[in-house]
Amino acid sequence: MTRVMAQIAMVMNLDKCIGCHTCSVTCKQAWTNRSGVEYVWFNNVETRPGLGYPRRYQDQEKWKGGWELDRKGRLTLKSGGRLRRLLSIFANPIMPSIQDYYEPWTYDYENLTSAPLSADTPVAPPRSLISNEPMAVRWSANWDDDLGGGPALASRDPVVERIGDRVRLDFENAFMFYLPRICEHCINPACVAACPSGAMYKRSEDGIVLVDQDRCRGWRMCVTGCPYKKVYFNHKTGKAEKCTFCYPRVEVGLPTVCSETCVGRLRYLGVILYDADRVTEAASVPDDRDLYEAQLSLFLDPRDPEVAEAAARSGIPDDWMAAARRSPVHDLIMKYRIALPLHPEYRTMPMVWYVPPLSPVVDALAGSGHDGEDAGNLFGAIETLRIPVEYLAELFTAGDPAPVTASLRRLAAMRAHMRRINLGEEPDPSIGARAGLTGDDIDGMYRLLALARYDERYVIPTAYAAQPGSVEEIGCSLDYDGGPGMTGPFGEASGQPVPVAIETFHSLKQRQTSEDVTHERVNLLNWDGKGVPKGMFPEKEDR
Amino acid sequence: MSWTEIAFWVVAPYLTLVILVGGLMWRHRYDKFGWTTRSSELYESRLLRIGSPLFHFGLLFVILGHLFGLVIPESWTGAIGMSESLYHVIALVVGGVAGVCTLAGIALLIYRRRTRGPVFMATTRNDKMMYVVLVAAILAGLMTTLLSAAFQAHDYRQTVSPWFRGVFVLQPDAGAMIRAPWTFKLHTLVGMLLIALFPFTRLVHAFAAPVGYLFRPYVVYRSRGAGDRPAVRAPRPGWDR
């Protein structure tokens, strides 16, 4: 009998992403504004084509992330099986160094006031947060933002390299789009499989992949295992940290911070049901290009009475079923088939999916003087503009252009159909029919993608089964960052972990109310104006 | 038998064991979060990639050798026809090679720790103290091996080994230990100090060796609330409860 599991999944509509990085910044403020995780971006926004973060993470021949099929066709970790993982435990041979991310830095503001008098304005020179030494800033999380660095960088994009030489030259002119990325919370997570301590786990209720900070021993295998390089090593605590899907928010029915603050309203959250018994089978299909269909075949229709019955037997609560029936994620993936998984060829069965961007096609049409919203023009352009389609196919379908083309055609049909309505013209059912859509489908897509109402984008079941007494976090109130309980007797990592809520509460309160600044150097991005960092302003003279 | 001899060879081993076991239990209960390797690979990996496996694999063979020499009585190896001299040659060669690897590994690791700025910044006083004891134990151990190779081979399986086994059957034979040369006594004492330090230093990561990884299913599922290992942590002992 089918064993049904539920997952809270995300879909991002790339057409609407303007690359503003609000999601990254709010996520960082919420989760990784601590020492030890300066370089950690649970959410980042990459410009494609581009190198990504960390640099060239998609080059799995180098980084060995994800799964592959062995000679007998069985699923094994690309970085080696259990024994090989354990034998390389003393020095993980394929872990990115801090230079592959970037060396975090702050500025020596004191120099602004203490520099000797000279003809030039003094500057605040950068200082490494890793070594405290002066450093030259040469790279950061978004160095190639908006194709910065030009063709030299963009052509080193591993995806561009896979498409081949012939696209490189005219590629930069063709199109550019943004790819926001968080942890994929995979159904078949390679990071979890690579963790020797068993500290990483997938929550059986909602599929969120988390690191148990008490059980993590800092072996760093998860960093290698994750093909998306979305597990990071906290170099102060010696433990792995990763996107938590904002579980404290999701558990009470709130969207994740990145979703909530997205100005483009392009993120969707909802429940997806899948058949847990068939995961290995689906992840083991021989041809990479079949993985998209294989993953689709795992997903179950919550409106199907048989599925509802099996779900009830598997212990999925009624309100979760109700949420699954309203799930925008399920609709975008299964009903309209416009959302696609990121790099299914890694065989991890990722659960953050993407609606591919139609705008490069529209822009190319408009740029060449054509009507970018005419159905015929759009359909024709999707067929002829092969480079964007091939690039998207390398990202989303292991190189198979058919699902990408189909998705783009549906988006084009919606755009052309709604344009006619906007202009007061007669709706033309043949436009939708050419993309396999009915009028109702187009209306539904339009509601979800264009109107994108808050309560339709985020359908999160609020009531997780309550566990009396075990919900509140217990912790010592002195253990906040910089507080007396923070540094244990055995170095920075030791002592009891601080519950997230308490740590955030205290550090915020301290930052907002304290007169003195605890750190010698203050990053202006983090400085909230309270307290005066030493050396930032001239000393007040007593008169 | 003097008081110091009783203190060294009767009291100290039990004190060491109590500190080790009690310390591990205490740390497991109160400082699971600090129970980590505190890896510095993110800062520097080129030297680590050579030094760390050299040290750790060398150490594994050293530990195996210690177990072999201390736990298995001489009469057993004699029964399978291994002469005392043959045993010593094997022990000298294997132990010597493993010991030199370990020493070279730790030397490289300490050099790296001292010269690579970020790694040095991540080094605590606790770490430095631990390195002193660890290197002392390795040097003393290598010294016993080399001295017995250069001069007359002391058959420690007549002295140290019976005492070691006696400790675990609650009959420590201090007399046997007293007959051993001073180099062995020094190594044993430093060794006991090192063992006692395990729970309170980063050495504790040795007790997290992930052997279970070989036998568990790849993907771990945990329930948020129910089950034998819920994802929500149980309340901790302390003043709050």
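Two strands are taken to pair where DSSP finds at least two bridges between them. On this criterion, in the predicted model examined here, strand S8 (residues 200-203) of chain A is joined to S9(A) by three bridges, the two strands running antiparallel. Within this pairing, Lys202(A) has Val209(A) in S9(A) as its bridge partner. The two strands belong to an open sheet of three strands, ordered S9(A)-S8(A)-S1(B), in which the pairing is mixed. Strand S9 (209-211) of chain A and strand S1 (221-222) of chain B stand at the edges of this sheet, and because each has a single partner strand, one side of each is left without a neighbour in the sheet.

Elsewhere in chain A, strand S1 (residues 4-13) is largely enclosed by the rest of the structure, since 10 of its 10 residues are buried. Val4(A), Ala6(A), Ile8(A), Met10(A) and Met12(A) point one way from S1(A), whereas Met5(A), Gln7(A), Ala9(A), Val11(A) and Asn13(A) point the other way. S1(A) pairs in the antiparallel sense with strand S12 (residues 267-275) of chain A over nine bridges, and in the parallel sense with strand S15 (residues 352-355) of chain A over four bridges. Met12(A) takes part in both pairings, standing opposite Arg267(A) in S12(A) and opposite Tyr354(A) in S15(A).

A hairpin is formed by S10(A) and S11(A), with four residues between the strands, and Gly238(A) in the turn has a positive phi of about 70°. Strand S10 (residues 231-234) and strand S11 (residues 239-242) of chain A pair in the antiparallel sense over four bridges, with Tyr232(A) standing opposite Glu241(A) in S11(A). From S10(A), Val231(A) and Phe233(A) point one way and Tyr232(A) and Asn234(A) the other way, and all of these residues are buried.

Helix H21 (residues 401-422) of chain A comprises 22 residues and, at 1.5 Å a residue, should span 32 Å; the distance of 31 Å between its end C-alpha atoms agrees with this expectation. Just after H21(A), a positive phi of about 75° is taken by Gly424(A).

As regards confidence, the model scores ipTM 0.87 and pTM 0.86. Chain B has an average pLDDT of 89, with 93% of the residues scoring at least 70. Where pLDDT is low, the predicted coordinates should not be read in detail.

Methods:
Residues numbered from 1 in each chain as written. Chains lettered and ligands numbered in written order. Predicted model: local features only at pLDDT ≥ 70, side-chain atom pairs only at ≥ 80, totals over all residues. Expected span 1.5 Å × (residues − 1). Buried ≥ 20, exposed ≤ 12 C-beta atoms within 10 Å, placed from the backbone. pLDDT = per-residue confidence, 0-100.
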